[in-house]
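Look at the sequence and the model below. Then read on for a short tour of the chain.

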Amino acid sequence: MTVPTSTSWRRDSDQQVTCIACGETIDRDAAREYDKQGDRWNRDDKEFEYLCKPCHRECCHQNRDGLEATLVAAGAGRTDRRTFLRQFCELIADDADQSRNES
Ligand SMILES: [Zn+2]
């Protein structure tokens, strides 16, 4: 049995990720993986988005109807942050308009 050296542990735990909601840089092992497309093993690139714990908690309390579809439509992970945020806000605003009109 091979005991991992402290160096290999350190390489793992040193990885830092960026929260997609607030942009905070956090340790990967302190982050929550977030896979907007649901099936984590069949992704194109097997890269996950991450949320920090506060944002992850907030997300769970929000209405998630259509959130994944909206994220994908806005180009999450496929476009730069500024473009994604603009598109995401537009899509969310459209949704809000539609539900106002429907009710
Ligand atoms: Zn966050």
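Among the elements of the protein chain, helix α1 (residues 6-13) has the lowest mean pLDDT, 50. Strand β2 (residues 25-27) has the highest, 91. Here pLDDT is the predictor's confidence in each residue, from 0 to 100. The protein chain averages 73, and 58% of its residues score at least 70.

Two ground rules apply. Residues are numbered from 1 along each chain as its sequence is written. In this predicted model, local features need pLDDT of at least 70 and side-chain atom pairs count only at pLDDT 80 or more, while totals for chains, interfaces and linings use all residues.

**Overall layout**

The protein chain has four helices and four strands. Helices (H or I, at least four residues) and strands (E, at least two) are DSSP runs, numbered from the N terminus. Along the sequence the pattern reads α-β-β-β-β-α-α-α.

How much of the protein chain is buried? Buried residues make up 11% of its 103 residues. A residue is buried if 20 or more other C-beta atoms lie within 10 Å of its own, exposed if 12 or fewer, and partly exposed in between, with C-beta atoms placed from the backbone.

Contacts tell another part of the story. Two residues are in contact if their C-beta atoms, placed from the backbone, lie within 7 Å. Take the contacts in the protein chain with a separation of 6 or more: residues 24 or more positions apart account for 37% of them.

**The nonpolar core**

Which residues make up the largest nonpolar core? There are eight: Val 17, Cys 19, Ile 20, Ala 31, Tyr 50, Leu 51, Cys 52 and Cys 55. A nonpolar core is a set of buried Ala, Val, Leu, Ile, Met, Phe, Trp, Tyr and Cys residues joined through C-beta atoms within 7 Å. In soluble globular proteins, nonpolar side chains tend to be buried together.

Ile 20 belongs to this core. Leaving out residues up to four places away in sequence, Ile 20 touches Tyr 34, Glu 49, Tyr 50 and Leu 51.

**Helices α3 and α4**

Now turn to the later part of the chain. Val 72 is found in helix α3 (residues 67-73). Leu 67 lies in helix α3 too. Gln 87 sits in helix α4 (residues 81-102). Gly 75 is in the loop between α3 and α4.

Why does Val 72 count as partly exposed? Because it has 13 C-beta neighbours inside 10 Å. Leu 67 is partly exposed because 14 other C-beta atoms lie within 10 Å. Gly 75 is partly exposed, again with 14. Gln 87 is partly exposed, with 17.

The table gives C-alpha to C-alpha distances for some pairs.

| Pair | Apart in sequence | Apart in space |
|---|---|---|
| Gln 87 and Ala 74 | 13 residues | 5.1 Å |
| Leu 67 and Phe 88 | 21 residues | 9.8 Å |
| Gly 75 and Leu 85 | ten residues | 9.2 Å |

What does Gly 75 contact, leaving aside its neighbours within four places in sequence? Its partners are Thr 83, Phe 84 and Gln 87. With residues up to four places away not counted, Gln 87 touches Ala 74 and Gly 75.
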